[in-house]
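Here is a friendly note to read alongside the model. Please keep the structure open as you go through the points.

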Amino acid sequence: MPENILSTEGLSKHYPLKEHGLFHRQTVVRALEDVSLEIQEGEVFGLVGESGCGKSTLGRVLLRLEDPSAGRIFYRNQDLGAFDRDRLKAFRREAQIIYQDPYSALNPRQCIQNLVQEPLDIHGIGTKQERSKQVRLLLEKVGLRPDQATRYPHEFSGGQRQRIVIARALALNPKLILADEAVSALDVSIQAQVINLLKDLRREFNLTYIFISHDLSVIKHIADRVGVMYLGRMVEVAPKHAFYQEPAHPYSKALLSSAPSPDPRSKKERIILSGDVPSPINPPAGCYFHPRCPECLDICREVFPPLRLLSPQRWVACHLYQ
């Protein structure tokens with residue numbers, strides 16, 4: 001059984017809003033609420049859910065780009081919140097991020113050589129000549145030519161820019177990479193190329209991915225396990241095959257029923273959810289999903305269900321499985 005490279009206990013992230021009203025009452029946006037999960041070394045953990053459900057916030061908090069409001073994060077069984085400046089800098093070398101928009105992630109005034117070399121400069125790795133050589137090796141790894149290192153971001157296509165971002169993420173030889181909607185801004189044909197590149201790099205460098213996406217077909221292609229978020233909470237965690245063949249949570253069933261099928265002859269029942277996603281400022285009592293759930297019970301309106309283990313590696317937060 002692989003060891004956990006990253007895990008959380010009761011992780012929450014709240015953003016305070018301006019005080020308002022006669023008594024200056026302060027409200028908060030509950031972006032994350034009591035998230036507990038385990039990510040195994042060497043796996044691809046796919047994180048799915050509607051826009052605004054907290055996927056990207058969870059990613060930023062996991063990498064300590066933002067501090068949690070409550071709960072703890074463990075990296076290789078060490079409390080990330082207890083890391084001092086030097087240990088946190090060492091953690092930065094082992095955990096990197098690939099952003100959604102490759103053009104915004106690259107300084108247009110810097111050439112590719114400087115952009116990919118920057119992490120090596122910051123951490124003082126190797127001599128100037130060794131860093132320059134490493135940049136060219138990285139560009140080859142991601143399918144670009146070494147002589148393209150003198151060019152600027154605007155001279156590349158979207159798929160090529162994302163390859164540059166991946167090369168920069170690999171510069172420090174990380175063990176954990178957070179891919180935040182890493183292919184959603186690309187054409188479908190280019191998406192497949194980048195996903196296959198990420199899969200090849202995973203095998204070559206023994207990487208662990210946290211792969212955030214709203215596209216269930218992308219997650220199905222790359223992930224080993226799937227975590228489903230709704231309004232800042234984790235509602236289901238399952239191995240990929242079990243999740244796609246037989247989703248357990250009513251929200252997971254609705255997500256999969258809405259995903260387009262590549263076979264035009266396939267017929268599946270579409271689950272239409274009523275109402276809108278509740279506000280994270282004022283979430284409903286009980287299960288956050290109960291106002292839209294077609295299988296709602298009375299207890300769902302009063303008590304939020306904890307994650308329960310249904311089978312090996314399969315967790316579901318739903319009163320239907322008491």
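1. Let us start at one residue. Leaving aside residues up to four places away in sequence, Ala242 touches Pro247 and Arg314, where contact means heavy atoms within 4.5 Å. Ala242 sits in helix α8 (residues 240–245); helices (H or I, at least four residues) and strands (E, at least two) are DSSP runs, numbered from the N terminus. Ala242 is partly exposed, with a relative accessible area of 26%, given that buried means under 20%, exposed over 50% and partly exposed in between (1.4 Å probe, protein chains only). Val226 is 16 residues from Ala242 in sequence and 9.5 Å away in space, C-alpha to C-alpha.

2. A word on the basis of all this. This is a predicted model, in which local features need pLDDT of at least 70 and side-chain atom pairs count only at pLDDT 80 or more, while totals for chains, interfaces and linings use all residues. Residues are numbered from 1 along each chain as its sequence is written, and side-chain values use heavy atoms, with hydrogens and water left out.

3. Which residue is the bridge partner of Ser311 in β13? That partner is Arg314. Strands β12 and β13 (residues 314–316) run antiparallel and are joined by three bridges; two strands pair if DSSP finds at least two bridges between them. Two residues lie between the strands of this hairpin, and Gln313 takes a positive phi near 65 degrees there.

4. One example is Val228, whose bridge partner in β11 is Glu236.

5. What about the interior? A nonpolar core is a set of buried Ala, Val, Leu, Ile, Met, Phe, Trp, Tyr and Cys residues joined through side-chain atoms within 4.5 Å. The largest one has 63 residues, and Ile166 and Phe211 have the most contacts inside it. Helix α5 (residues 158–170) gives the largest share of this core, six residues. Apart from it lies another core of 29 residues, including Leu88 and Met234.

6. Helix α1 (residues 55–62) is largely enclosed by the rest of the structure, because six of its eight residues are buried. Among them are Lys55, Thr57 and Leu58. Just after α1, Arg64 takes a positive phi of about 60 degrees.

7. Finally, have a look at Arg233. Its charge lies over the face of Tyr288, at 4.9 Å from the ring centre, and over that of Phe304, at 3.9 Å. A charge sits over a ring if NZ of Lys or CZ of Arg is within 6 Å of the ring centre and within 35 degrees of the ring normal.
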